[in-house]
Amino acid sequence: MKHLFFGGIHPKYNKEMSTKITEFRTITPKQVVIPMQQHIGAPCTPLVKVGDHVLLGQKIGDGEGLCVPVHASVSGTVLAIESRPHPTLGQAMAVVIENDYRDTVQPGNIPTSREEILNTIRDAGIVGMGGAAFPGNVKALSAMGKVDTLIANACECEPYITADDSLLRTEPEHVLEGMKILKELLEPNRLVLAVEDNKAAAIEGLRKLSKQFPEIEVAVLPTRYPQGAEKQLIQALTGREVQPGQLPVSVGCAVFNVSTFAAIYRAVRLGKPLTQRIVTISGEAISEPQNFIVRIGTSFHDLIEAAGGLHDRTERVISGGPMMGIAQKDLSVPVVKATNSILCLLKDLNGAAENPVCLRCGKCVGVCPMKLQPLYLYRFTKAQKVRELDRLHVLDCIECGCCSFTCPGKLPLTETFRLGKKLLREAKQK
Ligand code: SF4
Ligand code: SF4
């Protein structure tokens, strides 16, 4: 049975733009910049020094606590260890490697026991690849024996992005095998792969595999943004509501992105750490929109050039999608583990007005999937009234952008709530 989540919108999806070219292209960068922070948690400390020769897949940074290692995505020589531009953090310490074009591989281990599998997921540097970048081993460990439903998230509900869709069209077995690996660890009763109904070719491919993977259910959901958000997806699939401040495990669910499952498969069965990923390059401002298999650390600039370059009138380059992505000023930033898309736009789709005015129409309230009151959150953030922000649960805002998209007054709602959340967190710390 399918359930509806509250709110949501139907933006123009423009996904066909990047799926006209069906073959993946790869590019071989001359140099990669591997940031030491590509996950939520503590940054890695470099394990190499300038001048070292490194192998493809060699661990080059690691740390303690909530941290997963990072690996060389090419073989070659370490040119520098220094602070470099980062697509989500502004700046971060990075190891710069000059490619020797030999791809000399560091051999990996194939785990056998459950404990070894969990360690391998960590050692391979697996993080949530749908954008969250939460360490995969920690998420798996926290759900072991506590969930009855394991969900593979293939909704990819943001406009333009087709990275997960192309993964499912080309290597669905890797995703399904990854689900079987996590089934061994988490022991759920139900395994479900959730996909929206605008991915017909992927759905057809998955249905052809149903005999080979009978334990995995494919749930086709009506397309609606932001269905790929964890809480909304759980509600759509199970009818269960994750309460504010709670995690999916509180309602017996664990959700991983399909690219994460494929990365787990490659790590556990093939001994390959996370050194590459699929990235969509799309938007009206790029010459040849398509999907690439990209080595982590490749610059946005190199990828944009490989896709035919930018239009003269390009206004915005975004890491991620138009709803939740982050605008980039410096195209030397590298692709990191959570980069699923580089979006090149001729105009800012959700641009705020110069003098925005709230018309008190209430439209933002009707579309907010978290049942918040964006118009009041906006007013209280502007007035820096942190108590009111707390009372109205600003921290529950998932920054989906539905309110900004809908607002006829063109108020910069979502970006204001980022500030509101920061203000409240700082006040709580004090
Ligand atoms: S950005 Fe936040 S307030 Fe706006 S619709 Fe999404 S969850 Fe609601
Ligand atoms: S949608 Fe915009 S104009 Fe309408 S109430 Fe919300 S903030 Fe105000």
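Mentor: Let's begin with residue classes: Ala, Val, Leu, Ile, Met, Phe, Trp, Tyr, Cys and Pro count as nonpolar, Asp, Glu, Lys and Arg as charged, and the others, Gly among them, as polar. On that scheme the shell around ligand 1 has 12 nonpolar, 2 polar and 1 charged residues. This is a predicted model, where local features need pLDDT of at least 70, side-chain atom pairs count only at pLDDT 80 or more, and totals for chains, interfaces and linings use all residues. Residues are numbered from 1 along each chain as its sequence is written, while chains are lettered from A and ligands numbered from 1 in the order in which they are written.

Trainee: Which residues come nearest to ligand 1?

Mentor: A residue is near a molecule if its C-beta atom, placed from the backbone, lies within 6 Å of it. Of the 15 residues around ligand 1, the nearest are C368, C397, C400, C402 and C403. Helices are DSSP runs of H or I with at least four residues, strands are E runs of at least two, and both are numbered from the N terminus. α13 gives the most to this shell, 3 residues.

Trainee: What surrounds ligand 2?

Mentor: Ligand 2 also has a shell of 15 residues, with C358, C361, C364, C407 and G409 the closest. The largest share, 3 residues, comes from α10. By class, there are 10 nonpolar, 3 polar and 2 charged residues.

Trainee: How do I check the length of α13, and which of its residues are buried?

Mentor: The expected span is 1.5 Å times one less than the number of residues. For the 17 residues of α13 (413-429) that makes 24 Å, and the end C-alpha atoms are 24 Å apart, which agrees. For burial, count other C-beta atoms, placed from the backbone, within 10 Å of a residue's own: 20 or more is buried, 12 or fewer exposed, in between partly exposed. L413, T414, T416, F417, G420 and L424 of α13 are buried. They cover an arc (of directions from the helix axis to the C-beta atoms) of only 145°, so they sit on the same side of α13. On the other side, K422, R425, E426 and Q429 are exposed.

Trainee: What do the buried residues of α13 pack against?

Mentor: With contact meaning C-beta atoms, placed from the backbone, within 7 Å, they pack against α9, α10, α11 (386-391) and α12 (402-406).

Trainee: What is the strand order in the open sheet?

Mentor: Strands pair if DSSP finds at least two bridges between them. The 6 strands run β1-β14-β13-β17-β15-β16, with mixed pairing. β1 (25-26) and β16 (326-327) are at the edges with a single partner strand each, so one side of each has no neighbour in the sheet. β1 pairs with β14 (290-295) in the parallel sense over 2 bridges, and T26 stands opposite I293 in β14.

Terms used. Two residues are in contact if their C-beta atoms, placed from the backbone, lie within 7 Å.
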